[in-house]
Amino acid sequence: MKNILIFILFTFFFDFISAQTNKIDSLENLLKNAKEDTNKANILNTIASALRNTGDYENALNYSKQAIIIANSSLRGVGQSLNDNERASLTLAMMTEKAI
């Protein structure tokens, strides 16, 4: 019974990560043609959130920083960009602290 439960959890986790990776790939394709506006900031924020969900906090920070720069130029989406950046920063800091 324990082995079955482990198998089910592993399968669920793998499917979740695979779905996130596909989502990130699709969003990165959209990003290539996006104009420097709120839509691009929203795509960057969505990628940052998906990367954070997969545990890739450093890349999540990079995408959220890009979103902040674009959002600051239009003053729309600044809150979401700052929120994504802070959440990735805090999680990365907590993980680094636990590793020490």
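Visitor: What should the 17 residues of helix α2 span, at 1.5 Å a residue?
Guide: This is a predicted model. Helix α2 covers residues 38–54, and at 1.5 Å a residue it should span 24 Å. Its end C-alpha atoms are 24 Å apart, which agrees.

Visitor: What comes after α2?
Guide: Gly-55 follows α2, and its phi is positive, near 95°.

Visitor: Which residues in α2 are buried?
Guide: The buried residues in α2 are Thr-38, Lys-40, Ala-41, Ile-43, Leu-44, Asn-45, Ile-47, Ala-48, Ala-50, Leu-51 and Arg-52.

Visitor: And Thr-54, how exposed is that one?
Guide: Thr-54, also found in helix α2, has a relative accessible area of 27%. That value lies between the 20% limit for buried and the 50% limit for exposed, so Thr-54 counts as partly exposed.

Visitor: How far is Thr-54 from Thr-21?
Guide: Their C-alpha atoms are separated by 8.3 Å, while Thr-54 and Thr-21 are 33 residues apart along the chain.

Visitor: Let's step back. What is the secondary structure of the protein chain?
Guide: It comes to 4 helices and 0 strands. From the N terminus on, the order is α-α-α-α.

Visitor: How confident is the predictor across those elements?
Guide: The mean pLDDT is lowest in α1, at 67, and highest in α2, at 87. The protein chain averages 76, and 71% of the residues score at least 70.

Visitor: What about the largest nonpolar core, how many residues does it have?
Guide: The largest nonpolar core has 17 residues. Those with the most contacts inside it are Ile-24, Leu-31, Ile-43, Leu-44, Ile-47, Leu-51 and Tyr-63.

Visitor: Which elements give two or more residues to this core?
Guide: Those are α1 (2–33), α2 and α3. The largest share, 7 residues, comes from α2.

Visitor: Take Leu-31. What does it touch?
Guide: Leaving out residues up to four places away in sequence, Leu-31 touches Lys-40, Ile-43, Leu-44, Ile-47 and Tyr-63.

Visitor: Over to Ser-64. Where does it lie?
Guide: Ser-64 lies in helix α3, which covers residues 57–74.

Visitor: Is Ser-64 buried or exposed?
Guide: Ser-64 has 0% relative accessibility, so it counts as buried.

Visitor: Which residues does Ser-64 touch?
Guide: Again not counting residues up to four places away in sequence, Ser-64 touches Ala-48, Ser-81, Asp-84 and Asn-85. Of those, Ala-48 is a buried residue in α2.

Visitor: Now the last helix. What about Glu-86, where is it and how accessible?
Guide: Glu-86 lies in helix α4, residues 78–99. Its relative accessible area is 41%, so Glu-86 is partly exposed.

How values were computed:
Residues are numbered from 1 along each chain as its sequence is written. This is a predicted model: local features need pLDDT of at least 70, side-chain atom pairs count only at pLDDT 80 or more; totals for chains, interfaces and linings use all residues. Side-chain values use heavy atoms; hydrogens and water are left out. Buried means under 20% relative accessible area, exposed over 50%, partly exposed in between (1.4 Å probe, protein chains only). Contact means heavy atoms within 4.5 Å. The expected span of a helix is 1.5 Å times one less than its number of residues. A nonpolar core is a set of buried Ala, Val, Leu, Ile, Met, Phe, Trp, Tyr and Cys residues joined through side-chain atoms within 4.5 Å. pLDDT is the predictor's confidence in each residue, from 0 to 100.
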